[in-house]
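Trainee: I would like to go through this model with you, starting from the domains and ending at single residues.

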Amino acid sequence: MKLRFWGATNSVTGSATFLELEGGTILIDSGLYQGSVSTEKENLIPYPQEAAKLHAVLITHAHLDHTGYLPRLVKLGFRGKIHCTPATARLMRIILLDSAKLSEGDFYSEEDVHHTMNLVESHEFGEHFQLLNASVTFQSAGHILGAASLVLKADNKKIVFSGDLGRDTDPILLPHPPAPEADVLILESTYGGKIRHGDLQKELHTFLMSVSRGSKVGIIASFAVARGQLLLELIHEFFERHPEEKVRVVMDSPMMKAANEVYTQYSSLTQRPEDLRISLEEIDSIEFSREWTSLKKKSGPLVILSSSGMVSGGRILRHLYNWHEDESALLFLPGYQGEGTYGRALSEGQRQLVFEGRAFTWSGEILTSEAFSSHADQNELVSWAGDYNRDAKVFLVHGEKEGKLALKKKLQANGILSVEIPEKGNVYEI
Ligand SMILES: [Zn+2]
């Protein structure tokens, strides 16, 4: 059995790892590289395995950096099955269709996405299924709805792929179990060097209070999938607890609306299904473009939840443009803001933006929060790996170099001695 590392080796995007089994090769995740122009160029480097010869693909979760290459793979001749959980399949469809639209048919088209979805075979958490000589199970990983770690048994060995791991204290998802005892553990390390600080409920509370008491407009930049649903549930909770605060809340993101339906359908995977359903179903959603101007005419406190989460496009720019002269307006940027995005620039003090060719300056306030992350931090990663896995061979992926080095040190201090940081293309016999 061989592991061939490929994507997400030098960064946190482009996830793709090949597992060569007796009789064929399985690909674990098939994500897009995202970020700077040079990072995205990596999407053009072909996989080391011919698409048509791959036996199957296993998908840990729906995020684009884990699924976004799939339609390309199908376009290049892949005809095997794509295995994932049912919620992942639904969310993946939304994310891939959006990606096809953004790529304008260059990289792949909506039709390629439909062909891709036809190859999907979904499995519930805990269900065992066979791929070549391997038995596979999806284990809940937190992170986002449907996200899974993979447990694979072949040749008397147990190989576990963490996928992206969620926090131990996710406010809406059910808690996820630690890694099982494994021979080989492929561990994500997004926050391998960080211990998280901040309290997301508290930071959202500060934002909502400021909007309500100051009777102003608050705009929240949110990702459509996962972050959006988390924010909507927390906003709903806030107003349940503070009925005296009267704020109109609207959502402006068709993709978020589509993801809300999936979260509602699979609300049994969350801690308070009924509350989540209510918060997602009762939210005021913008349907027509004329509402953009009518929003502006109404007085009273208003919160607009729109995407993208890093202000790198999407409808949020329109709202920032509409309120850019209002010094009392408040922009909330919850979560990590990637390099090269408006979100990063705004959080670092810049105020210049461009919307549909019109340059403008944001005059309002900006509130940032680092607490909104759907990733386990260093302590949570180490405890997930489990001290019973001291004899396992651990490979760190999906992280920046410093984060991986810090996590390696921490794991070794904890007794897990065999920790590798593979490079793109490295092959290991396991
Ligand atoms: Zn993810």
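Trainee: How far apart do the C-alpha centres of domain 1 and domain 2 lie?

Mentor: This is a predicted model, in which local features need pLDDT of at least 70 and side-chain atom pairs count only at pLDDT 80 or more, while totals for chains, interfaces and linings use all residues. Residues are numbered from 1 along each chain as its sequence is written. The chain is divided into domain 1 (2-194 + 374-429) and domain 2 (200-369), with bounds that come from an automatic or database domain assignment. The separation of the two C-alpha centres is 30 Å.

Trainee: How many residues does the contact take from domain 2?

Mentor: Two residues are in contact if their C-beta atoms, placed from the backbone, lie within 7 Å. Domain 1 gives 17 residues to the contact, and the number from domain 2 is 18.

Trainee: How does the radius of gyration of the chain compare with the globule rule?

Mentor: The chain has 14 helices and 22 strands, where helices (H or I, at least four residues) and strands (E, at least two) are DSSP runs numbered from the N terminus. The radius of gyration is taken over C-alpha atoms, and the globule rule is 2.2 Å times the number of residues to the power 0.38. For 430 residues the rule gives 22 Å and the chain is close to that, so it is as compact as a globular protein of that length, with a radius of gyration of 22 Å.

Trainee: Which residue of β22 is the bridge partner of Leu 3?

Mentor: Two strands pair if DSSP finds at least two bridges between them. β1 (residues 2-7) pairs in the antiparallel sense with β22 (residues 427-429) over 3 bridges, and with β2 (residues 16-21), also antiparallel, over 5 bridges. In β2, Leu 3 stands opposite Leu 19. In β22, its partner is Tyr 428.

Trainee: Why is β1 described as largely enclosed by the rest of the structure?

Mentor: A residue is buried if 20 or more other C-beta atoms lie within 10 Å of its own, exposed if 12 or fewer, and partly exposed in between, with C-beta atoms placed from the backbone. β1 is largely enclosed because, of its 6 residues, the number buried is 5.

Trainee: Is Thr 85 buried or exposed?

Mentor: Thr 85 is found in the loop between β5 (81-84) and α4 (86-103). Beyond four places in sequence, its contacts include Ser 122, Phe 138 and Ala 148. Since Thr 85 has 27 C-beta neighbours inside 10 Å, it counts as buried.

Trainee: What arc do the buried residues of α13 cover around the axis?

Mentor: In α13 (residues 378-385), the buried residues are Glu 380, Leu 381, Trp 384 and Ala 385. The arc is that of the directions from the helix axis to the C-beta atoms. These residues are on the same side of α13 because their arc is only 135 degrees.

Trainee: Which strands stand at the edges of the open sheet of 6 strands?

Mentor: The order is β14-β13-β15-β12-β16-β19, with parallel pairing. β16 (residues 330-334) is joined to β19 by 5 bridges, and Pro 334 stands opposite Ser 369 in β19. Each edge strand has a single partner strand, so one side of each is left without a neighbour in the sheet; the two are β14 (284-285) and β19 (365-369).
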